[in-house]
Amino acid sequence: MLYFTNSQKFHKKISGCNSRHIYQSQLALSLFQSKMENYSKGKNVEEQMERDKIPITNLPVDFLWMQVKGGSKMTNLLSHASGILEDKTTTTVVWSGAGVAISKVISCAEILKRKFSLKYQVTKLTFKSVEEYWEPKLDGLETIVVKRQIPVIHILLSSQEIEDTQQLGYQTLHGKTFWETNKSFIKQTQAQKPKKPFKHKTNISKTKITDN
């Protein structure tokens, strides 16, 4: 069984090298890609996220953990999270997602933050490992395993003050709602823009001069 890391490492190696090294690296990459024509995509083995390994300190015991997948529907996710908060079962929600699900995690967190005016937030970015298995189409070839690292995001939202305010990724609205904060920022940026002086337009008539 052969192991390869992400092909992006080829690009990292060629930066700062001379043309000969660049050519050799590109040749190795093209040979690797041509070799993959003899393989078919197999299973993916992803490192599973665990509740007790979320990299946010002092999490309450009863927090709601929303794991977002690439195929998750935002309406279902928001409906479930809103119902829990409305019932006051908990005051803290953690949204988590990896890879293509990151944009969906951010959208869900912003919508929920605006709806319930959740004033305290902690955002963490990490990585998790994924192994891609490629099965050979021809006899005599070995299975290839490609190891990759994909980004993971965790967003904590809470209506109660967070104990550890010194941790990285912590932010608060200081009593202001989400849209009030954006309004004040817009007003500040507009006030800083210099006003252009008004120019009067003048009509200049052109006359044709002829020699007598």
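Me: Which residues does Met66 touch, not counting residues up to four places away in sequence?

Reply: A contact requires heavy atoms within 4.5 Å. On that basis, Met66 touches Leu77, His80, Ala81, Val93, Val94, Trp95 and Ser96. This is a predicted model, in which local features need pLDDT of at least 70, side-chain atom pairs count only at pLDDT 80 or more, and totals for chains, interfaces and linings use all residues. Residues are numbered from 1 along each chain as its sequence is written, and side-chain values use heavy atoms, with hydrogens and water left out.

Me: Which residues touch the most other members of the largest nonpolar core?

Reply: In soluble globular proteins, nonpolar side chains tend to be buried together. A nonpolar core is a set of buried Ala, Val, Leu, Ile, Met, Phe, Trp, Tyr and Cys residues joined through side-chain atoms within 4.5 Å; buried means under 20% relative accessible area (1.4 Å probe, protein chains only). Here the largest core has 20 residues, and Met66, Val93, Trp95, Leu112 and Leu157 touch the most other members. Two or more residues come from each of strands E3 (64-68), E4 (92-98) and E6 (144-158) and helices H3 (74-86) and H4 (102-116); helices (H or I, at least four residues) and strands (E, at least two) are DSSP runs, numbered from the N terminus. Another core, of 14 residues, lies apart from it and includes Ile54, Val94, Ala98 and Val152.

Me: Which charged end sits over the ring of Phe63?

Reply: A charge sits over a ring if NZ of Lys or CZ of Arg is within 6 Å of the ring centre and within 35 degrees of the ring normal. The charged end of Arg51 sits over the Phe63 ring, 3.8 Å from its centre. Lys43 lies over the face of Tyr133, at 5.0 Å from the ring centre.

Key. Buried means under 20% relative accessible area, exposed over 50%, partly exposed in between (1.4 Å probe, protein chains only).
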